[in-house]
Each structure stands twice: as C-alpha cells, then as structure tokens.
Amino acid sequence: MSNDESPGPAPNHEPERGLPEQLAAIWARVRGRLQNEVGEVEYRTWLKHMTLVGIDGDEVTIALPSRFLRDWVRGHYADLIMLLWQTEMRVIRRAEFIVRSSVQIGPRADVPPPEPVVASRFVGLAAVPPRNEDRTEAPLDPRFSFETFVVGKPNEFAYACARRVAEMPASPGFNPLFLYGGVGLGKTHLMHAIAWELTDAGRPGGPVTVAYMSAERFMYRFIAALRSKSTMEFKEQLRSVDVLMIDDLQFLIGKDTTQDEFFHTFNALVDSGKQIVVSADKSPSDLSGLEERVRTRLGCGMVADLHATTYELRISILEAKAARANVAVPPKVNEFLAHKITSNVRELEGALNRLIAHANLFGRAITLDSAQEVLHDLLKAFDRRVTIEEIQKRVSEHYNLRISDMSSARRARAVARPRQVAMYLAKQLTSRSLPEIGRKFGNRDHTTVMHAVSRVSELMALDATFAEDVELLRRMLES
Ligand code: ADP
Ligand code: MG
C-alpha cells in the first residue's frame, strides 16, 4: 500500500508506564516493528490495545482489553509477536496473552483526556459550533474525525478511500467518491472526517473550500433559490468550491428538477477538476429512481461500501468510545452489548452513552447487572422470542465453532461441551420438548438432551467460570 493511504499519525509507541525503562523501550520497539509488519490498519484494529504486563523467566505476558481481542491476537499474531520479542531478547521462549482492561488500569498515554462532549450530547445539548462556518453548508460534528473512526474489516476499504480523498482530492480514480451503506454505519462520520481534514488550516498545501450538505439541504437551498430567482448565485456558489459533498443522496430520488441541478453542478465540478463526495444508503446501481446518466457518472469514480458491523468491530468501537470517555467498562458488558445491539453503531453508541451517564450520575461502576437494568427498555426493543437456531448460532459463535458442529456427530470435548450448553439453553429458554430439541441437534435422542441438561447444571455448580460463561450466553439470548 502506498504511503498516501496510511491512516493518520502513527500510534505513538511511548514507553508504557510502570515498566522498567529498558523493558518499556524494548516493548516500544517490538510494537513499532509489529506495526511495520502488519500495516497500519491491522495494527490499529487488533494490536494497538496491547499492554505489556511483564517478563517472567522465558515468558512474556501481554494483556488485551477483551477476551475477544485476546483470542484474536493469540490466534493470528502470537508467532509474529514471539519472533519480534526473540530478536530483542533471546531468552524469550513463550508468550502469554491475558485479558485485562486497559481502561481499568488507568488512562493510556495515547488516549486523550475525557471529553465532556460525550455526556453533553447524551443529554441533548447542542454540539460545539463549527470552526469553519463560512466554508461549509452544515456544521461539522467535531467528534466525527478520522481519529475517532474505528477501523475494522467491514469499513476499512471505505475508510482508506476517505483518507485518500482527504489527502489528495480530485485524483483520478477517486472522483467521485461514492460511499454507501446502511443506517448508522459511519457514512456521515467519514464525510465529516474528510471535510475536517480538507479545511484544516494546518493541512499540507493549505485548506481547500468544501461545501458539505445533505441532499435534503441541497434541495431546500435549490428550491429557495428558485423562489427568490437567485439560482444563478446558488449555482455559482456551488461551482466555486473545491470539494462538494452531498450526504444521503437517496433523498434526491424522485425530485427531478433538483436531480437535474445536481447533475449539472456535478458535471461542472468534475470537469473543472474538483472533487465530489457522495453518500447514499445503496450502491449507484441499486438506487432505483436515479436517472441513468446520474447513476453512470456516480459510479465512474470510486465506489466504497460500509458493510454491516461484525461482532469484533462492535467490540472495538465500544472499547474505543469507553476509552475516550475515560470510563471503565468491563469486557463482559462490552460483549453483552456487542451481542445484543447488532443493528447499527448509533444504537450501540446510544446504549453505551446511557451506561456512562448513569454511572456518572450515581457514581457507580458499570457492571453486567447494572447494564441490563439501565438498558432494560432499550433492549426490549431488540427482543424477539429465542429460537433454537439462534441459540445454536450464539453458542457456536461464542465458542468459535461452526454452526454445523451443533448437529454434527463429532464427540471431541471442544465441540461436545458447547453443544451440551446449547441444549441446556434450549431447554431453559424455549418451550420445546426434549425430543424436539434432540431433533434440532442432529437428530439426537431425548435422553442425550436430558443428559446434557443435567451435566451442564452440574458443571455450573462446580466451575464458577463456566457458570459465568453460560450465564452470559443466557442473558444475551434472553434479557
Ligand atoms: P450513517 O451516516 O451511515 O447513518 P453515522 O456516520 O451518522 O452513520 O454514524 C452513526 C454513529 O455511529 C455516529 O455517532 C458515528 O460516530 C458512529 N460510528 C459509526 N461507525 C463508526 C466507527 N467505525 N467508529 C466510530 N464511530 C462510528
Ligand atoms: Mg448519515
């Protein structure tokens, strides 16, 4: 990947606090080299949140803030991390990865101080006024920057394209930039991030003029101009900017005159070497009702979609938001939220903000119990009746199995135990009979289900960690 796609300033590898100086320096080097090896995006997505716990004999211990991240890093990067450690310290033979929330052990060096903005937005106060009112058509949200955008598999391409355009607007191949995706997946966030970057006074080459507005606003302005017979001014104004950004283009559909005007403006700008950035909820080819010529022009630059979030991205987003707000959120709570609220990031953020506000208000720590209590009504909206399929899906996800393992004949403990857990939960959470449950698990006998139920209850009584696990799954499924 060329340099111009590197997402922002390198994460600083400042020595971590509390470590002997020399060790901290080695760790900073290991992290730096790791970042070079895997690239910026991967580093930021998975590895940035590692902290060094220490070295004991031939073993290095590294902490990650959630079980998911821990497992992921161990599964994908353990060898590389070991190798890099060995080049620094020959004695190291083993790497141990543990879960420890970085938030709980004090703010990290690379996390900015708490921003009251989170809380004020939660209670509905107005956002901070834009710093460049004269350049933009709508106020830019100061929270929507590249730095606060959490990158993961579903959005890394769109993110990279956005960065690229922010750095070098109007490059061939990236004009227009068309960002699309479902509600609350970060389109507006990325658009604002581009606009912030382009209008930044400290930008290399100097700031450029940007007009950012929603398609609705565009239409409103155009109609107002028609009424006041000032369409010429409107056109000239728009055609004088360096970058035109139109958010939620789908709202132009069916508005023929406005669409026409947009098309002419669009062409005039592109022809004079200006950048266009457009967002919509669908790809150009799926935006039915769009005029063919508009569709064609929209699709001829770079089209990048924001996919639905994955569990891992939701976890990273929650962790990043909590870290920014400087609030300790137990990994279990993040896991719970990420499982429960899968629709869009806005909802996820809303839930977290509510927990944070509640914790601040009552001066109490956030726990799984308090989270369920505080979000009770919100989560109810996400509730449906739990099905056996859903239980199987959740349980296999949780234990990193394929859903087919739930009905397979495999008897290995690593598969059989989760399968028993799923049967247990099916008995607990649905009104299905034992034979019915057995049938859904690869046509097993009802005595097998009975055995699973009693075995899981037994184990839960014996093993607190196991019990907590099953309990978490139950809460996630039910609530
Ligand atoms: P859209 O315009 O696609 O409907 P938004 O850009 O308004 O969605 O995003 C909804 C909310 O979710 C915003 O508060 C935004 O900051 C947040 N958000 C979405 N994706 C991310 C992400 N990858 N990292 C951080 N925040 C995100
Ligand atoms: Mg939007």
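**View 1. The shell of residues around ligand 1.** In this predicted model, 18 residues surround ligand 1, and the closest are Val-150, Gly-184, Thr-188, His-189 and Glu-349; a residue is near a molecule if one of its heavy atoms lies within 4 Å of it. These residues divide into seven nonpolar, seven polar and four charged, where Ala, Val, Leu, Ile, Met, Phe, Trp, Tyr, Cys and Pro count as nonpolar, Asp, Glu, Lys and Arg as charged, and the others, Gly among them, as polar. Helices α6 (187-199), α11 (311-325) and α13 (345-362) each supply at least two residues of the shell; helices (H or I, at least four residues) and strands (E, at least two) are DSSP runs, numbered from the N terminus. At least three residues of the shell come from each of domain 2 (122-306) and domain 3 (312-364), with the bounds taken from an automatic or database domain assignment.

Residues are numbered from 1 along each chain as its sequence is written, while chains are lettered from A and ligands numbered from 1 in the order in which they are written. Local features need pLDDT of at least 70 and side-chain atom pairs count only at pLDDT 80 or more, whereas totals for chains, interfaces and linings use all residues, and side-chain values use heavy atoms, with hydrogens and water left out.

**View 2. Polar atoms facing ligand 1.** A nitrogen atom of ligand 1 lies 2.8 Å from a backbone N or O atom of Val-150. An oxygen atom of the ligand is 2.8 Å from an N or O atom in the side chain of Lys-187, and a polar side-chain atom of Thr-188 lies 2.8 Å from an oxygen atom of ligand 1. Taken alone, ligand 1 exposes 550 Å², of which the protein buries 95%; accessible areas come from the Shrake-Rupley method with a 1.4 Å probe, and for residues only the protein chains shown count as cover.

View 3. Ser-279 lies in strand β7 (residues 275-280) and is buried, with a relative accessible area of 0%; buried means under 20% relative accessible area, exposed over 50%, and partly exposed in between (1.4 Å probe, protein chains only). The side chain of Ser-279 makes a polar contact with the side chain of Asp-247 at 2.4 Å, a polar contact being a pair of N or O atoms within 3.5 Å, of which, within protein, one must be able to donate a hydrogen and the other to accept it, and residues adjacent in sequence count only if both atoms are side-chain atoms. A polar atom of the Ser-279 side chain also lies 2.9 Å from the backbone nitrogen of Asp-248. Asp-248 is found in the loop between β6 (243-247) and α9 (256-271) and has a positive phi of about 60°, although it is not a glycine.

**View 4. Ile-366 in its loop.** Ile-366 is found in the loop between α13 and α14 (368-374) and is buried, with a relative accessible area of 5%. Ile-366 and Pro-330 are 36 residues apart in sequence, yet their C-alpha atoms are 7.2 Å apart in space. Leaving aside neighbours within four places in sequence, the residues in contact with Ile-366 (heavy atoms within 4.5 Å) include Val-327, Val-333, Leu-355 and Ala-359.

**View 5. Backbone features in two loops.** A cis peptide bond, with omega of about 0°, joins Asn-175 and Pro-176, and Pro-176 has its place in the loop between α5 (156-167) and β4 (177-181). Asn-443, in the loop between α18 (434-440) and α19 (446-462), has a positive phi of about 55° although it is not a glycine. Asn-443 is exposed, with a relative accessible area of 63%.
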